[in-house]
Amino acid sequence: MDSNYRLYDHEASFARIDEILAALANDGPTVEELSGARARLPTRFWIGPRPQNGKAEGMGHAEVTHGDFRRLFPAPRTYGALDAEAVKSVVATYRREEGRS
């Protein structure tokens with residue numbers, strides 16, 4: 001066995017992820033977590049898709065999934081409108097074992 005190879009306990013990892021998501025679904029993010037996300041997400045939105053073909057891919061995705069590429073542009077403004085209740089709702093809705101890949 002390669003000495004650099006490490007065995008991981010995947011079940012323990014999934015259990016820890018489930019624990020964190022359950023806390024997020026029940027309690028929502030802290031004020032600090034929400035504030036940090038609101039500050040980082042708009043920057044990542046505009047800087048993240050590099051080079052230009054990344055931005056074009058985002059526009060194409062918005063066109064296909066939302067029916068209009070222009071729906072992409074207001075996205076950063078919507079991040080500031082998110083509150084703890086919205087995060088709790090999303091986590092509670094999508095935190096399902098059958099959704100794992």
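Where is the place of Gly80? Gly80 sits in the loop between α4 and α5 (84–94); helices here are DSSP runs (H or I, at least four residues), numbered from the N terminus. The model is predicted, so local features need pLDDT of at least 70 and side-chain atom pairs count only at pLDDT 80 or more, while totals for chains, interfaces and linings use all residues. Residues are numbered from 1 along each chain as its sequence is written, and side-chain values use heavy atoms, with hydrogens and water left out.

Gly80 has a relative accessibility of 47% and therefore counts as partly exposed (buried means under 20% relative accessible area, exposed over 50%, partly exposed in between; 1.4 Å probe, protein chains only). Its C-alpha is 9.3 Å from that of Leu34, although Gly80 and Leu34 are 46 residues apart in sequence.

**Helix α1**

Helix α1 comprises 18 residues (10–27) and spans 25 Å from its first C-alpha to its last, close to the 26 Å expected at 1.5 Å a residue; the expected span is 1.5 Å times one less than the number of residues. At the start of α1, a side-chain oxygen of Asp9 comes to within 3.3 Å of the backbone nitrogen of Glu11. Gly28 follows α1 and has a positive phi, near 75 degrees.

**Aromatic side chains**

Phe69 lies in the loop between α3 (52–66) and α4 (75–79). The structure holds 1 aromatic pair, for which ring centres must lie within 6.5 Å; planes under 30 degrees apart count as stacked, over 60 as edge-to-face and the rest as tilted. The rings of Phe69 and Phe73 have centres 6.3 Å apart and planes at 90 degrees, so the pair is edge-to-face. Phe69 is partly exposed at 31% relative accessible area, and Phe73 is partly exposed at 34%.

**Salt bridges**

The structure holds 3 salt bridges, each defined as a side-chain nitrogen of Lys or Arg within 4 Å of a carboxyl oxygen of Asp or Glu.

| Salt bridge | Closest N and O atoms |
|---|---|
| Glu19 and Arg16 | 2.5 Å |
| Asp68 and Arg70 | 3.1 Å |
| Glu85 and Lys88 | 3.4 Å |

Glu19 and Arg16 both belong to helix α1, 3 residues apart, about one turn of the helix. Glu19 is partly exposed at 48%, and Arg16 is partly exposed at 45%. Glu85 and Lys88 are likewise 3 residues apart, both in helix α5. Glu85 counts as exposed at 52% relative accessibility, whereas Lys88 counts as buried at 19%. Arg70 is exposed, with a relative accessible area of 52%.

Technical notes
Helix = DSSP H or I, 4+ residues; strand = E, 2+ residues; numbered from the N terminus. Polar contact = N/O pair within 3.5 Å; in protein donor to acceptor, adjacent residues only side chain to side chain. Phe/Tyr/Trp six-rings, centres within 6.5 Å; stacked < 30°, edge-to-face > 60°.
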